[in-house]
Amino acid sequence: MLKAGTVMKDLSVLKDKPDPVALADEDYPEWLWALTDEYVAAQTRATGTAAAAGGEAGFDMKAEKKKLRSKNRAEIKSRNFLRTT
């Protein structure tokens, strides 16, 4: 968590605007804090383990890269197939 009033460097979307400043936790809506809880719960239901929901101990960078590579290859193959038919 950031302290209230902390400048978040390089997060400005517009070129001529200043970087945003973090608000106090109570200034954000309650639903914002529940977003990650819902994600973790969904991942836990899908995989059966809490570690696979993004916990440091359960994250495997090599496996994630392999999944992305195979997914990208499959998408490229399907696009190429559609172009040739």
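Mentor: Lysine 77 lies in helix 2, which covers residues 61–84. Keep in mind that this is a predicted model.

Trainee: Is lysine 77 buried or exposed?

Mentor: Relative accessibility decides that, and exposed means over 50%. Lysine 77 has 63% relative accessibility, so it counts as exposed.

Trainee: Which residues form the positive surface patch?

Mentor: For a patch of this kind, like charges are joined within 9 Å. Here the positive patch consists of Lys65, Lys66, Arg69, Arg73 and Lys77. The lysine 77 we began with, in helix 2, is one of its members.

Trainee: Now the rings. How many aromatic pairs does a search of the whole structure find?

Mentor: The search finds one. Its partners are tyrosine 28 and tryptophan 33, with ring centres 5.9 Å apart.

Trainee: Why is the pair called edge-to-face?

Mentor: Look at the angle between the ring planes: over 60 degrees counts as edge-to-face. The planes of tyrosine 28 and tryptophan 33 stand at 90°, so this pair is edge-to-face.

Trainee: What is the relative accessible area of tyrosine 28, and what is that of tryptophan 33?

Mentor: Values between the buried limit of 20% and the exposed limit of 50% count as partly exposed. Tyrosine 28 is at 24% and tryptophan 33 at 31%, so tyrosine 28 is partly exposed and tryptophan 33 is partly exposed.

Trainee: Where is threonine 6?

Mentor: Threonine 6 sits in the segment before helix 1, a helix spanning 30–47. With a relative accessible area of 28%, threonine 6 is partly exposed. Sequence and space can also be read together: threonine 6 and leucine 23 are separated by 17 residues in sequence, and their C-alpha atoms are 8.0 Å apart.

Note on methods:
Residues numbered from 1 in each chain as written. Predicted model: local features only at pLDDT ≥ 70, side-chain atom pairs only at ≥ 80, totals over all residues. Heavy atoms only, no water. Phe/Tyr/Trp six-rings, centres within 6.5 Å; stacked < 30°, edge-to-face > 60°. Buried < 20%, exposed > 50% of the residue type's maximum accessible area, 1.4 Å probe, protein only. Patch = residues over 30% accessible without salt bridge, like charges linked within 9 Å, V, L, I, M, F, W, Y side chains within 5 Å. Areas by Shrake-Rupley, 256 points an atom, 1.4 Å probe, with all protein chains shown as cover. Salt bridge = Lys/Arg side-chain N within 4 Å of Asp/Glu carboxyl O. Lys, Arg positive; Asp, Glu negative; His and termini not counted. Charge placed at Lys NZ, Arg CZ, Asp CG, Glu CD. Helix = DSSP H or I, 4+ residues; strand = E, 2+ residues; numbered from the N terminus.
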